[in-house]
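Please look over the model shown below before reading on. The paragraphs after it are meant to be read with the structure open beside them.

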Amino acid sequence: MTEPLLHVRDLKTYFVTEHGGGTARAVDGVSFDVYPGETLGLVGESGCGKTVTSLSILRLIPEPPGHIRPGSFIEFEGRNLLTLAPKELRAIRGNRIAMIFQEPMTSLNPVFTVGDQIAEAAIVHQRLSRRAARARAVEMLTLVGIPDPQERVDHYPHQMSGGMRQRVMIAMALICRPQLLIADEPTTALDVTIQAQILELLDRLQRELGMAVMLITHDLGVVAGSADRVVVMYAGQVVEQAPTRELFARPLHPYTEGLLASVPRLDTRVSQVRGRLHSIPGQVPAATAWPAGCRFHPRCPYAWDRCATEEPPPLDTPGSEPGTHTVRCWLLTEPQRRERRA
Amino acid sequence: MTVWTWLALAGAVALALVAAAEARRYAAARAAGRRFLRHPTASLGVFILAFFVTLALAAPLVAPYDPTWQLDPVHLQNQPPSLRFLLGTDVYSRDVWSRLVYGARLSLGIGTIAMLVAVTVGAGVGAVAGYFSHWLDAVLMRGVDVGLAVPRIFVLLMAVALWERLPLGALVLLIGFTGWFVTSRLVRAEVLSLREREFVAAARAVGAGPTRVIFRHVLPNAAAPIIVSAALGIGNVILLEAGLSFLGIGVPSPLPSWGSMIHDGWQWIVAAPWTSGFPGLAIAFVVMALNAVGDGLRDALDPRKEGT
């Protein structure tokens with residue numbers, strides 16, 4: 001396999017909460033790789049650390065209260081992002097790694113035209129003149145499929161719809177042709193038809209520009225449609241990672257299993273699932289007090305005493321190449337327990 | 001007064017009316033502008049300001065005499081208002097109207113320049129304190145606390161005592177540099193909330209450095225409180241200058257500022273009330289107008305009132 005573009009090892013991002021709430025271990029030992037040109041889906045429910053992971057990569061965590069623990073390692077194109085000087089880091093942000101935020105309504109500066117904002121990265125990184133940058137902005141608007149780009153470039157964000165603004169955000173992120181695009185819930189705030197358009201757009205741009213995309217979402221449908229590989233996060237950890245097809249065909253972590261069962265399907269008869277949509281019992285625990293042992297065990301239908309005391313490491317699944325499909329679950333060592341339960 | 005000065009005065013009034021009407025028309029076309037116009041006194045304030053600014057700019061045309069020229073120290077002392085001397089003459093036989101007009105230049109000029117200094121420093125310090133937070137914030141804000149705790153007039157008196165004859169430029173700078181504390185607090189509060197906004201994170205994600213983020217993304221969004229505090233600040237500075245000049249330590253005689261005019265006339269306040277009265281009225285009108293406009297702007301630029 002080729003060298004990974006982004007290599008994250010044992011990333012720990014903690015937040016010190018005020019008023020004696022303790023330390024929130026929002027991201028607690030996350031490891032994954034992103035390879036050039038691929039789409040990696042990062043899935044999990046709210047509060048599992050997806051966004052903190054992505055912000056940690058660009059070191060956009062507000063410090064304090066947050067800090068990335070020593071021992072964490074984030075390597076991009078052979079350089080450890082965690083030890084870079086602020087200036088070197090800024091040369092990477094928006095240039096080699098770009099980011100799209102969740103809320104297109106609030107992620108654009110209300111007092112500047114969209115053209116100014118799209119051009120910003122080109123002005124910062126490529127030292128383009130204002131004129132040249134404006135021409136690039138028009139080009140980018142055309143690329144992301146906004147009609148009348150010549151006119152739209154001078155519009156203010158409030159003159160645009162949510163879908164259009166998300167296109168503007170994408171144009172803003174891609175103007176310097178980054179190697180890696182981090183898209184944090186890029187479609188969550190949009191309605192379904194616009195969602196599909198934006199995902200299609202991202203897909204097309206990824207092919208045209210040959211960049212890798214890290215797609216963060218809580219929507220398994222989005223992942224199934226666009227990702228090559230999936231990383232499932234729970235309680236600040238990666239609980240399972242696998243190629244998309246394999247994950248959907250053979251989910252091994254009980255949490256992944258539960259997530260997949262919770263998605264309403266068109267091809268299953270209602271009677272087969274006894275009329276009710278599956279849900280995972282309980283709630284995500286607070287990040288200041290993760291459960292001992294396996295963090296999922298209080299909600300896990302298979303849990304036994306070992307799960308409550310010993311934390312499982314990421315285990316390779318039998319029958320797949322080491323490192324391609326890993327699962328943090330003791331069931332892998334005692335598969336007969338799954339059978340018994342079923 | 002000659003025909004020409006009357007014509008010029010009429011012209012100034014007409015110009016001020018046109019300016020106020022233009023401002024109204026401009027404002028009526030916008031939601032924020034309509035909130036501004038809902039203040040009954042705001043338009044009047046705009047007119048008064050426009051009038052005095054025109055007077056100040058057109059001073060040589062509207063003033064019939066040189067403001068420092070003693071016309072006839074024997075026969076023309078403390079003359080009451082008349083057609084020849086529109087607002088009378090003072091004890092040194094100088095034309096009060098001419099001095100008032102030239103005084104507008106000084107008083108408004110000092111107010112504007114000192115306010116610009118104060119707002120620039122205040123916005124800069126406030127933005128840096130709010131954006132970087134923690135120790136830098138703590139240091140700067142404790143400095144501001146000290147600045148707010150020391151009476152301003154005391155600092156100015158001390159400066160005057162040290163320098164004996166303070167040049168006008170130094171006085172203006174001093175007023176500016178002692179007047180930014182409140183603005184910096186306002187701006188800091190605004191920046192504290194702005195820096196948590198997503199578009200600031202987005203700007204940082206694009207690779208913008210702290211200077212660029214502060215000056216291009218944060219401060220323009222804090223424009224509203226800055227503008228309002230500037231409008232209210234000019235009035236404060238004019239009052240302060242008047243007070244200093246009244247104490248005899250502000251604008252050096254015989255330069256006409258409104259404060260020094262009151263100073264020149266106060267001993268004859270009973271015999272010749274016009275010598276101190278008219279500059280006093282001018283100060284009152286301008287400061288009230290600035291406050292009315294400031295209040296109007298505060299409501300107009302408050303995003304929480306959007307859509308009403």
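This is a predicted model: local features need pLDDT of at least 70, side-chain atom pairs count only at pLDDT 80 or more; totals for chains, interfaces and linings use all residues.

Residues are numbered from 1 along each chain as its sequence is written, and chains are lettered from A, with ligands numbered from 1, in the order in which they are written.

Chain B has 14 helices and zero strands, where helices (H or I, at least four residues) and strands (E, at least two) are DSSP runs numbered from the N terminus. The C-alpha trace of chain B spans about 75 × 50 × 30 Å along its principal axes. Of the 308 residues of chain B, 47% count as buried; a residue is buried if 20 or more other C-beta atoms lie within 10 Å of its own, exposed if 12 or fewer, and partly exposed in between, with C-beta atoms placed from the backbone. Among the contacts in chain B with a separation of 6 or more, 70% join residues 24 or more positions apart, a contact being two residues whose C-beta atoms, placed from the backbone, lie within 7 Å.

Chain A contains an open sheet of eight strands in the order β7-β8-β9-β3-β10-β11-β13-β12, with mixed pairing, where two strands pair if DSSP finds at least two bridges between them. Its edge strands are β7 (97-100) and β12 (315-316) of chain A, each of which pairs on one side only. β7(A) runs parallel to strand β8 (residues 180-184) of chain A over four bridges, and A:A98 stands opposite A:L181 in β8(A). Across β7 and β8 of chain A lies helix α6 (residues 162-174) of chain A, at about 170 degrees to β7(A); axes are lines fitted to C-alpha atoms, for helices over the stretch in contact, and angles run from 0 to 180 degrees between N-to-C directions.

Where the two chains meet, the contact takes 21 residues from chain A and 14 residues from chain B. On the side of chain A that touches chain B, α2 (86-92) and α3 (114-126) of chain A each supply at least two residues, and α3(A) gives the most, with four residues.

Two loop residues deserve a look. Most residues other than glycine have a negative phi. A:R59, however, has a positive phi near 50 degrees; A:R59 sits in the loop between α1 (50-57) and β4 (66-68) of chain A and is partly exposed, with 18 other C-beta atoms within 10 Å. A:E185 likewise has a positive phi, of about 45 degrees, and is found in the loop between β8 and α7 (192-209) of chain A, where A:E185 is buried, with 21 other C-beta atoms within 10 Å.
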